[in-house]
Each structure stands twice: as structure tokens, then as C-alpha cells.
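Q: I would like a close look at a single part of this model. Please treat the strand pairing in some detail and then describe what surrounds it.

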Amino acid sequence: MARAGTASALTLAAVGGSIAVPGLATDASAATIATKALKVAASKKGAPYRWGASGPRRFDCSGLTLYSFKKAGKKLPRTAAQQYNKTHHISARSRKAGDLVFFHSGSSVYHVGIYAGHGKIWHAPRTGDVVRLQKIWTRSVWYGRVS
């Protein structure tokens, strides 16, 4: 029942509606922010990677996520690890477009991107590369939802 309610709230958010059900409006608002952030990240396709850069023309991985969510109206901390600590951690089965994907080695987060659906992320990969859409290449990932 809650799942159907959440889907209804997300549908309303997608078409610009509103809902006055406690708890669900927050989910709809988060979905709208995530959708906006995803669109911002996609609009930066081809922008060069630069370590420590957070836009608007160059990005590192967490700089892209920080910039994208800021443009969508949500503040995130600067580094991938700090962003992971500020998100609501979710399972791979619960992931949705606009959620953050954190790459880790053991307990250390070393990279972040924005989930685009279909096993792909928008991210700023590394020096010499550009912001692009890429398939997730490892199972060593955690997911976080910005709320």
C-alpha cells in the first residue's frame, strides 16, 4: 500500500502536481530534485575532468554531483565520502534515477556518480576524460538518496 502511495506521489511530482499526504510529499520533492540534478549532470556531457573542480565548466566526480544538486536546490558536501555520509542509504533494488552511486574499496568511498537508470551513471571519471554516461563497471557500489 505504501509503495502504491509513493508511486502516486512521484507521478504527481513528475507532472507538477501536489499531494497533502504526510510523508509522501517529501518523497515527491526528493524525486523532483533528483530528476533536476540528473538533467543538470547530463547537460554537462563533454565537460573536462579537473581534480577539485565543481563547475560550471570543469568537474571532478563529487564536484559534478555537488553542482548538479545545487542547481536542483539541494546542498551537498564537497567530497564523495562526505556525500555518502549525508545521503539516505538504499539498496540496489531500491535505486532510482537521480540517486547517487558511490564506488568503494572496503569501507572507503573513492568515486561518485548520478544514477541514470538501466545500470548507467553520469559522472566525471578521471584526469584526461570528460563528463559522460557510462555503465556501472563493478559491484562494489553503494547507493544513496539525497533527501
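How many bridges join strand E4 to E5, and do the two run parallel or antiparallel?

A: In this predicted model, strand E4, residues 120-123, is joined to E5 by four bridges, and the two strands run antiparallel.

The pairing belongs to an open sheet of six strands, arranged in the order E1-E6-E2-E3-E4-E5 with antiparallel pairing. Strand E5 (132-135) stands at one edge and strand E1 (88-90) at the other; each has a single partner strand, and therefore one side of each is left without a neighbour in the sheet. On average, neighbouring strands of this sheet are turned by 40 degrees against each other, direction ignored.

Aromatic residues complete the description. The structure holds five aromatic pairs. One of them is formed by Phe59 and Tyr67, with an edge-to-face arrangement in which the ring centres are 5.3 Å apart and the planes stand at 65 degrees. The angle counts as edge-to-face because it is over 60 degrees. Phe59 and Tyr67 are both buried. Elsewhere, Tyr84, Phe102 and Trp142 form one aromatic cluster.

How values were computed
Residues numbered from 1 in each chain as written. Predicted model: local features only at pLDDT ≥ 70, side-chain atom pairs only at ≥ 80, totals over all residues. Heavy atoms only, no water. Pairing = 2+ DSSP bridges. Axes fitted to C-alpha atoms, helices over the stretch in contact; angles between N-to-C directions. Phe/Tyr/Trp six-rings, centres within 6.5 Å; stacked < 30°, edge-to-face > 60°. Buried < 20%, exposed > 50% of the residue type's maximum accessible area, 1.4 Å probe, protein only.
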